[in-house]
Amino acid sequence: MPASGGVTRSTLRQQIADALRDEVLAGRMQPRVEFTVKQIAEQYGVSATPVREALFDLSAQGLLESDQHRGFRVREFTVADYRAMVEARALVIDGVFRAIFDGATPAATVLAVHRPALVSVRRRAEEATRAARSGDLDVLIGYDLRFWRELGAVIGNSYINEFLQRLRMQAWVFAVPYLRGDADVCDWLWNGHRELVEAIAAADGPAVRAALDAYYAHGRNWADRLAAGNPPHPGHRG
C-alpha cells in the first residue's frame, strides 16, 4: 500500500486501519503477539504517522491494546466478555425493535420508508447465510458485518449502530480463533440472517422476535460450550 501523491494522509490512515482490521477479524493477527508502528509501516511501505493514527483508531474501537513501551497487540477477550457482548446486543436490539413494533405508528408504516434499503440488506443476508452454512468464515465475517451495519441504518440512529457494530467486531475477534479450529464450525455459525430480514420486511413482529431470540440463544449456547471447555483451544488447527 505505497503512498502516492493522490492519497491524502487521512485516506491512507483509513486504508491502513481497514487492512489491519481485516487481518485482526480474520485471525491472522493473534493476541499476545506484539508489533510496533515501525513494523507495520515497513510492512505497508508507508510513513509512521498514518500507521500510528490507524493503530490508535483500532485501539479506540476496542480491537487492539497499546503499551507505551512494547507497542500494540490484538485485544484478548474472555468468555465472560463474549457473553456480556451477547447480552448487551440483546438489550439494545430488543429496545430498538420494541420501539418499532410497539410504537404508536404501525410497524408497516415505519418500515415502508426503508423498503429500498432492505433490498440491499436482503442481498447481504443471502450471502451471509450461504457462507455460514458452508463454514466459510472469511466470507461470512465481511457479509455478517455488512448485514448488521446496513440493517442498523434502518434504525436511523447512528450512535446505536456504531455501538452495535463495535460489539460485533469485538465478538468476531474473540470467536475466530476458536471457530477456525472447530471441526463442527458449521453448527456454531448463526445462519438466520435471511429469516430475520424477511420477518422485518413483512413487518411481522412475532417472527422478528423469534429470529432475534434464536440469535441470542445461539450466542449464549456457544458461550456455555466455551465455558464448559468443549471447544478446541484458540488457534488450534486440528
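His218 is found in helix H10 of a predicted model, in which local features need pLDDT of at least 70 and side-chain atom pairs count only at pLDDT 80 or more, whereas totals for chains, interfaces and linings use all residues. Residues are numbered from 1 along each chain as its sequence is written, and side-chain values use heavy atoms, with hydrogens and water left out. Helices are DSSP runs of H or I with at least four residues, numbered from the N terminus. Leaving aside residues up to four places away in sequence, His218 touches Asp187, Trp188, Leu189 and Trp190, a contact being defined by heavy atoms within 4.5 Å. The C-alpha atoms of His218 and Gly62, which are 156 residues apart along the chain, are separated by 23 Å.

Helix H10 itself comprises 23 residues, 205-227, and spans 33 Å from its first C-alpha to its last, close to the expected 33 Å, where the expectation is 1.5 Å times one less than the number of residues. His218 belongs to the buried residues of H10, which also include Val208, Leu212, Tyr215, Trp222 and Leu226; buried denotes a relative accessible area under 20%, exposed over 50%, and partly exposed the range in between, for a 1.4 Å probe and protein chains only. After H10 comes Gly229, with a positive phi near 80°.

Positive phi values also occur at residues that are not glycine. Ala203, in the loop between helix H9 (193-201) and H10, has a phi of about 55° and is partly exposed at 21% relative accessible area. Arg32, located in the loop between helix H1 (9-25) and helix H2 (37-44), has a phi of about 75° and counts as exposed, with 64% relative accessibility.

A search of the whole structure finds three cavities of 30 Å³ or more, a cavity being a set of points on a 1 Å grid over the protein atoms alone where a 1.4 Å probe fits but cannot get out, with lining residues having an atom within 4 Å of a point. Two or more lining residues come from each of helix H4 (79-101), helix H7 (137-155), helix H8 (158-179) and H10, and H8 gives the most, with five. The lining of the largest cavity divides into 12 nonpolar, three polar and three charged residues, where Ala, Val, Leu, Ile, Met, Phe, Trp, Tyr, Cys and Pro count as nonpolar, Asp, Glu, Lys and Arg as charged, and the others, Gly among them, as polar.

Technical notes
1 Å grid on protein atoms, 1.4 Å probe; cavity = no way out; pocket = protein on both sides within 12 Å on 5 of 7 lines; lining within 4 Å. Points joined across faces, edges and corners; volume = space filled by probe spheres on them.
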